[in-house]
Amino acid sequence: MANMETLVQRLEKAVSRLETMEQSGRRGAGSDVAGCGSDELAPFVEAFDELLDGPVATYLKLSKEIGGDVGEHANMVTEAVKMERAFLVTASKCQQPPVNELTQLLQPLSNKILQIQEFREKKRASKQFNHLSAISESIPGLGWLAIAPKPGPYVKEMTDAATFYTNRVLKEYKDTDKKHVEWVKAYISFWTELQAYIKANHTTGLSWSKTGPKASSPAPPPSGGTLPPPPPGPPPPSETSLSDSTSSRSALFEDLNKGASVTSRLKHVPDSNKTHKNPTLRETSVSVHTGPKPFKAATPSPKPAAKKEPPMLELEGKKWRVENQENASNLVIQDTELKQVVYVYKCVSSTLNVKGKINSIIVDNCKKMGLVFDNVVGIVEIINSRDVKIQVLGKVPTISINKTDGCHIYLSKDSLSCEIVSAKSSEMNVLVPINDDFVEHPIPEQFKTVWNGKKLETTVTEISC
């Protein structure tokens, strides 16, 4: 087999911006993992390598340039990513092992993640603490390998955890050192592209080989070395310790044979200190710090019931507020003015009729909501809602639908020129009046984009029409 290039060498080449390594070199890296399969890499491993050559290499390069704790931390992160890559190679060549063996396989990566987090805890006085915190809070995202059936959202949660601290870095350095700004972009880019990678290759969980042998040993270090020998076991007991143990047992049995007199030296415990007679003592507990547990799946505790807010329909300045209405089918806003707006929030199974001509209407976070209005000179927006029905009696220039599932729009003859803008929504239909009846037309949800040699061209796919 050709000389294998390790992952470190490949990253160094990317960092130094040399030419892409030879295909045979990439194919060789990490091929001898857990004794499974051939030397040829699976497509999803090659796709992961693109992440390494892209945002990971940029992040490592900038971390070295920034130096200090950031540079040292980045070396640990690089080792963790190398372990991840080696594990992907294992999965591409081996069948999925039982859960208990999978936990053992992932233990080296889990330990490395723990080491990265502990480094942050030891550096709380560091001037680069926000950098370290961004890494420490998000690095458990590498544990998506053990998450099923939705590893993508798990990585998204870890990315959001990093953003809190990267925003602090941007605030501190955006006007003084652009290198830190680029560092943030590179690091967040890795997690963003990792989400896309998981969606494309491991949507419901890590993809394992269907034909290879079952993985049965931890993945070797990506550098090609061998695992360090396990720590030596405890030394055999000496003759002295054996004799001490024997004499201690003899003394114990001798005390037990004394009968009741053995308890004569015990201190009396009052009822106030007995947990079975004092319930308040049982409620007191001492928390024991056990350290972070990287990417261990935990059952979320039930959220407390949200406080129910009182319903509202009132005019505040220029804004009509319609909030927290439930099963209200006769809501009406009249005596309106052109400068006024209507904001409908968290209404369920209700109907609102807006009379006259107003500036705009926003429907936010509503379910099974009906909206009827005469004329709007600006825009009608439907956001974060579900099962909304809108009827236009007069005119409206623009209707916007965003993050909404189920939206039916009934246009009037005077509003047929209305522009409808939609994003991240589904089950959208426009009903057009024809001969005293309404004809339903679906709004496309699926598109096809191609490069025509000069620019991207996007068209509606036939299946969505």
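The legends below describe close-up views of one predicted model. Residues are numbered from 1 along each chain as its sequence is written, and side-chain values use heavy atoms, with hydrogens and water left out. Because the model is predicted, local features need pLDDT of at least 70 and side-chain atom pairs count only at pLDDT 80 or more, whereas totals for chains, interfaces and linings use all residues.

**View 1. The open sheet that runs from β1 to β12 has seven strands.** Helices (H or I, at least four residues) and strands (E, at least two) are DSSP runs numbered from the N terminus, and two strands pair if DSSP finds at least two bridges between them. The order in this sheet is β1-β2-β4-β6-β8-β10-β12, with mixed pairing. Strands β1 (312–316) and β12 (419–423) are the edge strands, each pairing on one side only, and the twist averages 10° from one strand to the next, where axes are lines fitted to C-alpha atoms, for helices over the stretch in contact, and angles run from 0 to 180 degrees between N-to-C directions. Within the sheet, β8 (residues 379–383) and β10 (residues 398–402) run parallel and are joined by five bridges; I382 has I401 in β10 as its bridge partner.

**View 2. A further open sheet of seven strands runs from β3 to β14.** Its order is β3-β5-β7-β9-β11-β13-β14 and its pairing is mixed. Since β3 and β14 (437–442) stand at the edges with a single partner strand each, one side of each is left without a neighbour in the sheet. The twist here averages 15° from one strand to the next. Strand β3 (residues 331–333) pairs with β5 (residues 348–358) in the parallel sense over three bridges, with L331 opposite L352 in β5. Eight bridges join β5 to β7 (residues 367–376), and these two strands also run parallel; the bridge partner of I358 in β7 is V376.

**View 3. Aromatic pairs include one between F87 and W208.** Rings of Phe, Tyr and Trp (its six-membered ring) pair if their centres lie within 6.5 Å, and planes under 30 degrees apart count as stacked, over 60 as edge-to-face and the rest as tilted. The structure holds 11 such pairs. In one of them, the ring centres of F87 and W208 lie 5.7 Å apart with the planes at 80°, so the pair is edge-to-face. The pair links distant parts of the chain, 121 residues apart, with F87 in helix α4 (residues 68–93) and W208 in the loop between α8 (178–201) and α9 (239–256). With buried meaning under 20% relative accessible area, exposed over 50% and partly exposed in between (1.4 Å probe, protein chains only), F87 counts as buried at 3%, and W208 counts as buried at 11%.

**View 4. F164 and Y165 form an edge-to-face aromatic pair.** Their rings are 5.0 Å apart centre to centre, with 85° between the planes. F164 counts as partly exposed at 46% relative accessibility, whereas Y165 is buried at 17% relative accessible area.

**View 5. Helices α5 and α6 cross at roughly 155°.** The axes of α5 (residues 99–122) and α6 (residues 129–138) come within 9 Å. The two helices are therefore roughly antiparallel to each other, given that angles under 35 degrees count as roughly parallel, over 145 as roughly antiparallel, 65 to 115 as roughly perpendicular and the rest as oblique.
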